[in-house]
Amino acid sequence: MISLHIDNKPNEEMGKKGTVEEVVNLIGSTNNIFMFIFMDGCGPCNAMKPEWVKIKSKLTDKYPNRDDVVIISMNMLFLNELES
C-alpha cells in the first residue's frame, strides 16, 4: 500500500511526505485511492485526523503488499497544484 502526506509540515503518522506530482501520477494509475483533504485550523478536519490515522492503519494491515491501494492526506493549499 502507498501512503502519502502532502503538507508543509511532515507527519509520519499521516503518511510519508509526498509531492503533488506523485499524487497526479498515482491518480492516473489506480482506482483504489482514499484521499483526505484538510485545512489547517478547521475543527472538523482536526477531529477527522485521528480517525484518518485509524483508517490508514486498517488499510495498511489489510493490503500490506498492494501498490494499487493508495491513501493520501493533503492540505487543501496544494489543491491548485493538483489541477495543473
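Asp68 is partly exposed, because its relative accessible area is 30% and that class sits between buried (under 20%) and exposed (over 50%), using a 1.4 Å probe and protein chains only. Asp68 pairs up with Arg66 in a salt bridge, with the closest N and O atoms 2.9 Å apart. This is a predicted model, where local features need pLDDT of at least 70, side-chain atom pairs count only at pLDDT 80 or more, and totals for chains, interfaces and linings use all residues. Residues are numbered from 1 along each chain as its sequence is written, and side-chain values use heavy atoms, leaving out hydrogens and water.

**Salt bridges**
- The structure holds four salt bridges, each a side-chain nitrogen of Lys or Arg within 4 Å of a carboxyl oxygen of Asp or Glu.
- Arg66, the partner of Asp68, is partly exposed at 35% relative accessible area.
- Lys9 and Asp40 form another of them, with their closest N and O atoms 3.2 Å apart.
- That pair links distant parts of the chain: Lys9 is in the loop between β1 and β2, Asp40 is in the loop between β3 and α2 (43-62), and 31 residues separate them.
- Lys9 counts as partly exposed at 46% relative accessibility, and so does Asp40 at 34%.
- Glu51 bridges to Lys54 at 3.3 Å between the closest N and O atoms; both lie in helix α2, three residues apart, about one turn of the helix.

**Sheet**
- Four strands make an open sheet in the order β2-β1-β4-β3, with parallel pairing.
- β2 (16-17) and β3 are the edge strands, each pairing on one side only.
- Helices (H or I, at least four residues) and strands (E, at least two) are DSSP runs numbered from the N terminus, and two strands pair if DSSP finds at least two bridges between them.
- Strand β1 (residues 2-6) is joined to β2 by two bridges, and Leu4 stands opposite Lys16 in β2.

**Cysteines**
- The disulfide count is zero, given a cut-off of two cysteine sulfur atoms within 2.5 Å.
- Cys42 counts as buried at 16% relative accessibility, and Cys45 is buried at 12%.

**Nonpolar patch**
- Ile37, Met39, Met76, Leu77 and Leu79 make a nonpolar surface patch of about 410 Å².
- Patches take residues with over 30% relative accessible area and no salt bridge, joining like charges within 9 Å and nonpolar side chains (Val, Leu, Ile, Met, Phe, Trp, Tyr) within 5 Å.
- Areas come from the Shrake-Rupley method with a 1.4 Å probe, and for residues only the protein chains shown count as cover.
- Ile37 sits in strand β3 (residues 32-38) and is partly exposed at 38% relative accessibility.
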